[in-house]
Amino acid sequence: MDTYNNIIFRTLAANLEPTDEEFDQIYPEELRALSALHWTPVHIAKLAAEFLAPNANCKVLDIGSGVGKFCFVGAAVTKGSFHGVEQRSRFVTVCNALAAQYKIPTVSFKNENITNNAFDAFDAFYFFNPFYENVEQTLIIDDTVQRKEGLFLAYSDYVYQQLDQSKIGTRLVTYHSIWDDVPNGFQLEYRSLNGDLSFWTKTEGQ
């Protein structure tokens, strides 16, 4: 199994694309079952990461990183560093164990609420609608975190404020997210997947 999984990362680094079923073999079976609905597909993660981390100096924050799939793909296909913030401690434990097992130095994960994190240490951000389970019952992952509509609004407002204060040149990718959540200082560069995947650069403001 270890050899197979190492091949998956080498495949990505060689600019080839494993299927999601192949990539998800790195995860425990119960987490693989959540992949289709909750984790970023490999081809989406690759597109997003290549935009967000065009060079080795880029530090990318995944807001609500789940089991780290976006970060792992990003680390394999770019030279940037990828950092995940996730409320579910069991996900962070899995992510850090995988990073250690496969010796991936350009990823890190921490178990925190997003509101405990300032964004000024990062150059780019990935946002796959991580707060929506607070308002949509069909998207619930488990019962290990508090969920209520007020949290959706509070977390969304915090992310908006932090992005609004970010520096010129900050990059952002939103996936299945509401465009109104993006501050006016961000210019839409282009959209893909019928508008579900959007690429932004901050051109005005601080």
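## A chain of helices and strands

Nine of the nine residues of helix α6 (residues 69–77) are buried, so α6 is largely enclosed by the rest of the structure. Buried means under 20% relative accessible area, exposed means over 50%, and partly exposed lies in between (1.4 Å probe, protein chains only). Helices (H or I, at least four residues) and strands (E, at least two) are DSSP runs, numbered from the N terminus. The buried residues of α6 include Phe70, Phe72 and Val77.

This is a predicted model: local features need pLDDT of at least 70, side-chain atom pairs count only at pLDDT 80 or more, and totals for chains, interfaces and linings use all residues. Residues are numbered from 1 along each chain as its sequence is written, and side-chain values use heavy atoms, with hydrogens and water left out.

**The whole chain**

The protein chain holds eight helices and seven strands. Its radius of gyration is 16 Å, close to the 17 Å that the globule rule gives for 206 residues, so the chain is as compact as a globular protein of that length. That radius is taken over C-alpha atoms, and the globule rule is 2.2 Å times the number of residues to the power 0.38. The C-alpha atoms fill a box of roughly 45 × 40 × 30 Å, taken along the principal axes.

Buried residues make up 50% of the 206 residues. Contacts also span the sequence. Of those with a separation of 6 or more, 65% are between residues 24 or more positions apart. Contact here means heavy atoms within 4.5 Å.

**Covered elements**

Helix α5 (residues 42–52) is mostly covered, with eight of its eleven residues buried. Among them are Val42, Ile44, Phe51 and Leu52. Strand β5 (residues 171–175) has four of its five residues buried, so β5 is largely enclosed by the rest of the structure.

**How the strands pair**

Two strands pair if DSSP finds at least two bridges between them. Which strands does β5 pair with, and in what sense? β5 runs parallel to β4 and antiparallel to β7. β7 (residues 197–202) also pairs with β6 (residues 186–192). The table lists these pairs.

| β5 and β7 | antiparallel | five | Tyr175 with Leu197 |

**Loops and turns**

The hairpin of β6 and β7 has four residues between the strands, and Leu193 there takes a positive phi near 55°. Lys103 also has a positive phi, near 55°, in a residue other than glycine. Lys103 is found in the loop between α7 (89–101) and β3. Is Lys103 buried or exposed? Lys103 counts as exposed, at 69% relative accessibility. Asn129 is not a glycine either, yet its phi is positive, at about 40°. Asn129 lies in the loop between β4 and α8 (149–164).

Asn116 sits in the loop between β3 (107–111) and β4 (124–127). Asn116 is exposed, with a relative accessible area of 57%. Asn116 and Tyr158 are 42 residues apart in sequence, and their C-alpha atoms are 9.9 Å apart in space.
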